[in-house]
Structures are given as structure tokens and as C-alpha cells.
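These are my notebook entries on a two-chain structure.

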Amino acid sequence: MSNAAGLKKQFESVLGGEALEWQARPAPEMVPSGVPEVDRATGGLPRGCLTEIFGAASSGRTSLLVAILAEATAREEVCALVDAEDAFDPASAAAAGVRFDRLLWVRCGHRAEWALKAADLLIQGGGFGLVAMDLGDTPVEMARRISLTSWFRLRRAVEHTPTVLLTVARRSNAKTCASLMLECAREGVEWGGPGRPLSRARLPSCSALLRGMRVQVARRKPGRAAAATFYCTGRE
Amino acid sequence: MFACLHGSGNLTALAFEFSPVVERSAPDTVTLDASGLDRLFGLPQDVAAAIARRAAETGVKANLALASNPDVAICAARGFTGIGIVPYGDEAKFLGDLPLELLGPSPELLETLERWGIRRFRELAALPPLGIAERLGPEGLRLRELARGEAERKLTPLEEPARFEDAIELEYPVDLLEPLAFLLARLLNGLCTRLATRALATDELRLRLQLEGRAAHERKLRLPVPSLDSKAFLKLLQLDLAAHRPGAPVVHVWMGMNPVKPRFAQSGLFIPAAPEPVKLELTLARIKAIVGEDRVGSPELLDTHRPDAFRILNRGQTGRSPLNQGGQDQGQTDLSTRRKKHALGQIRLSLALRVFRPPRAARVAVTSGRPGFVAANGIRGKVLDLAGPWRTSGDWWTSDPWSRDEWDIALSDGAVYRLYCEPRGWFVEGSYD
């Protein structure tokens, strides 16, 4: 007998033998992430929940974040990006199709605690379709110093709201507070000249290009691990 | 009870000091509804004395008459000099000796009455109404009513000039923001109530604090949408004053609001939720208090090829209004086009750059004209793959030209960076992620 079932039996015996009906938590509404491959693997991003995207540098986390922002702003939702390390590149975002008239950018000047406060205020303010907190360049030790209580507070704040709360970091920090955890990893970088791929053995010529990056996204939570791969185009 | 002022000077301003219902009966005549003034001043004589005293103070030279109806008051003010109080029920007797010209009849009618030998109010009032109706028509009847002091009508009120300002003179200087907040709340509540009674809202708050030593501290808050939320206004003012503190204790507080029509937005089932404008303004003010004034807003790319050229637009700033409610149709079009492209596999995801601000100065070992080894703050590795150089330049026609050679490099530390070389040296601009 599982622990939950044992507890249920115990409660029922204490309460006079009446059968308890566990109240099931309603499944959160899922919204598309803007990357069909990721949506197929994860079902989308849950509203009213904390979603964590993590991975090493150049693992495609930011490209995924920007794609999510582009999709959310195209849905006409107001989005907020809390940028702890001031790393957001408006030119990349514009190229990805992010609508700036629906985006609020909060630059926290390398202060993770400011980012937490700002994200909390934005969620409490309400009305945002997506609040993204980018801790992607925050040193791992500093990100780990954010207490679980803070993450729990954020999770509680976003609960029962139509907001998708998203964090981007190098490692997973929110642990149990995250409803969906996506780990990004770089599968490979494509280099090449116009129409002529180059081998690694030979240094590219002046006409070489960073053509793109193949990114693998693995769902770590909830349920069984599932993975998807998508491709981001670089310079053209 | 009605009062009439007939003379010269700023009669309207004087009348508004005593009543909100004021009629400009003629260029030199103003009538006001004086009912209720007896509770303030006492008998009609006292009311008249108070108005006359204030007229003398403000330099108004006018006859004043008080009567039970406006037309009697007008006739009395025009017919008698000084102060006249017409007793209720004796109007016809009081006005009896006045000439008919005061009633403003048409020249033909006046000539007819002259021919009949009727020159005074009393004589016209004594005529039978049926005979007047047969011979002079409705105008004759109206003149008879006026002459008898029986004409009843309502005043046609002037619109009071819409100025929403208030001030508090402090008995002692206030040097803390918390006690000042109580005074601000009082002013805000009063002004918001006044705006609400006229179905107006405000989009601009002006605050002027007179400081000890005669200096003034002025603040102006512009709201993206008109509102009447006094609690939000108070919080915004508190946050603003906390960020811009007055330099000395406050001795006088003045507040003004810009009256505008409120904006009503029809919500819909299929319109995505957006933050409430005033609440969002409050949230932004709180965040600005944490991260700084110029670090919150919507980005806008500048029309230049200069790298990392953008500006932050605040809400309500000219150009376009960030986070506005409009553009629903455009959004739907964007989304449907995007979905179609997704289905056809035409949407290609872009590789995003994470920018290092400021760029990290790098030491680069160059081999055969290409970077071979890169070391910068937090970055160190051998170049495994690279593309470039991309030579760009611009603004050479200005005093601030720029030129650079860009390289995309994959380092042995596992990341892909954008490296550039400019006349000042090598820099790592950011990492592809």
C-alpha cells in the first residue's frame, strides 16, 4: 500500500470510517510555446504555474525564451521580461518576431534579488500573460542562494492566475516549486559558407557563416522524460 | 430666494463666491440662487450685507436686490440704487413705481402702452389679463406678469470654470513624508470627489510644495489613462516623493488636477487580459523605485546599424504607447499568420544573442589573422570553430563614427560567442544561446 493510500485509510478511520473523496487539482490550461516540437513533447506551457528552463551557456535557452515571447505577444498578451543580468538583445528578439508594444522589459542591472522583487510585483499586479525571469547569466552560486521560500512565494503568487511564470537559469533552482522543467542542451552548431558546409578540420574562410544551432529540450518534470529537438537559424 | 447684481466689475466671480447657480442675465446683470444663504448669514438683510461687503472688497460697484423670484430681483436691481430687499407677497407694490422700459418690451409694444398712458409697472399690473391677451398677445401677458412680480422661471446657470485645485497651509512645517501623505490624501479625496460629481477624471496630477525658506518643490505625474483612483494616486505620489524628496520641511501644499473625460474600454470574452492601466502604473512605479527610473519600459530599436542600438520607451511616451489595449485585429492577424507558417514549417526560430553589458574586454591570440585563443572576464578557451570577420561601420559622417570586425567563435569552454575587434581593442559582445 502506498503512503498516500495509507494516510487516506488513517484519516478515514479518525473521521469515523467515512470514505474521503480527494479533491483533484484541475489540470492547468496549456498554451503553445511557439516551438511546435517542444509543444508536442510537453503539451505546452501551463498557466498559473512556474516553468523552469535551464541549461548551460549556449544551450538554446534564450532562443526558446524568445520564441515563447514571440508566440505570447502574437497572442496579444502583455508579457514582462525581468532581466537580471541585462542580457536581453532587442535585435534578436525583433528578428524572432517579438512585438515590443506588448513587452515590458525590466533591467535589473546584475542584481538577482531585484529580479525576484520585480517578478513578484508584476505577478501581484496581475494582467500579464507571461512573466519571464531571466537568470541565465547569474552565477550558479548566486542563483542557488535564492531561498526555496522565495520560489514558493512566486509559485503561490502565480497560482490561480492566467499568467505563465517562466524562469531561465543555468541550473534548476525552483525544484519542487516548478510545475514544468525543461532542460536545454546544444546538439550541435552548424557552420558553413553560402551553400557550402565546411569541415571542422579546415578553418572557415571569410565567407563562413554561423548557420544555426540544433537544440535538444528534455522535459524533466512532470511525468516521464520526453525530449524534442529544434533548430535555430543564425546569421543569414 | 434670489439675488441680483446690476453694475460693473467682475460680477460673475462675486456671484460664484456665494452660489454655484449663477445666471448672466445681461452683460451688466448677474442673478444668483441665494437659497440656503440664510443658514450661513441669517436674515435676508444679513445676506445682502455680506454680499455688499464682499463686493466692496473685490471692487465691484453694483446695485443689489433680493427677491423671491429672479425677475423681480432683476427689476429691483435695475430700478433701485444700493441694496433692495423685496418682501415676499409685496412684489407688485414694491416694483409699482418703476418705468416699463425696465421690462425690455419691444418698441412697438412700448409705443402702444405709451399711447394708452401706461408708463409704470403699477398701471400695467392693474390691467385685466383677458383684455391684454386680446389686444397685446402673449408678450403683453408676460409683461403684465413681470410687472406684478408673478413670473416664475428657473435660472439658466453658467458653467463654473473647471479648475480642480486645492491647497493646505500648514500650521507647522512637515519634514517627514508619512504625515505629508495624510495631507495629500485629504487633497486627493476632495479633488477626486469634485471630479466625480462632474463625471470627469484626471490624467495629470500637479503637486507644488512650498518649502521653508521660500523654495518650491514641484512634481507632475502623468497617467497613461484618465482615472479617479485616489488611493493609487496617493501611492504614486508617495513613491515619487520618496524618489525625489523635497529638500526642506514643507509649509504649504498645493495640488491641481487636469480634468478630462474618463475613458471607458469595452472588454470582451476573446480579448486577452491586460494589466489595469492605473494598477500597472503603480506596479511600474514600485519597480522603478527598486531598479531605477530608466530601466523599465518597452524596448524600441533605433533606425541605425550601430550594434545594440535601442531605447526604452516609458508608458505614455510619444511615438507609440507601449502595452496599450489597441491593435487587437493586428494581433489576431499576427497569430493566425504565425500559426499558418508554423503548420507549413515556414517559421524558423532565430538564434538569440545574450548581450554582455558592458562588452567584456578580451585578450585574443591571433593566428593567421584569425582569433586562436580568447580570454576575458569569465571566458577562457581555445577557438574551435569560427566564422567571420563581418566588417561593419557606420555614422562616419558624424562625430561618433564606429567600425568593427565581428567573429562568431565556438570556444573550448563549450559556448559560442560573438567577438569583435575595434580600434580600442578586442571585446566579447555576448554569447549565442
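I began with a definition: two strands pair if DSSP finds at least two bridges between them. I noted also that the model is predicted.

Entry 1, strand pairing between chains. I found 2 bridges joining β11(A) to β12(B), residues 349-350, and the two strands run parallel. I looked up one partner in β12(B): Leu349(B) is bridged to Cys232(A).

Entry 2, the contact between the chains. I recorded 65 residues of chain A in contact with 55 residues of chain B. On the chain A side, the elements that give two or more residues are α3, α4, β5, α5, β8, β10 and β11. By class, this side of chain A has 38 nonpolar, 15 polar and 12 charged residues.

I checked its span: the 12 residues, 3-14, reach 17 Å from the first C-alpha to the last, close to the 16 Å expected. Just after α1(A), I noted a positive phi of about 95 degrees at Gly16(A).

I located a kink of about 135 degrees at Leu136(B), shortly before Pro138(B). Leu136(B) is also buried, and Gly140(B) and Leu143(B) are among the other buried residues of α8(B). I listed what covers them, including α4, α5, α6 and α7 of chain B. Gly149(B) follows α8(B) with a positive phi, near 70 degrees.

Methods
Residues numbered from 1 in each chain as written. Chains lettered and ligands numbered in written order. Predicted model: local features only at pLDDT ≥ 70, side-chain atom pairs only at ≥ 80, totals over all residues. Contact = placed C-beta atoms within 7 Å. Helix = DSSP H or I, 4+ residues; strand = E, 2+ residues; numbered from the N terminus. Nonpolar A, V, L, I, M, F, W, Y, C, P; charged D, E, K, R; others polar. Expected span 1.5 Å × (residues − 1). Bend = angle between axes of the 7 residues up to and from the residue. Buried ≥ 20, exposed ≤ 12 C-beta atoms within 10 Å, placed from the backbone.
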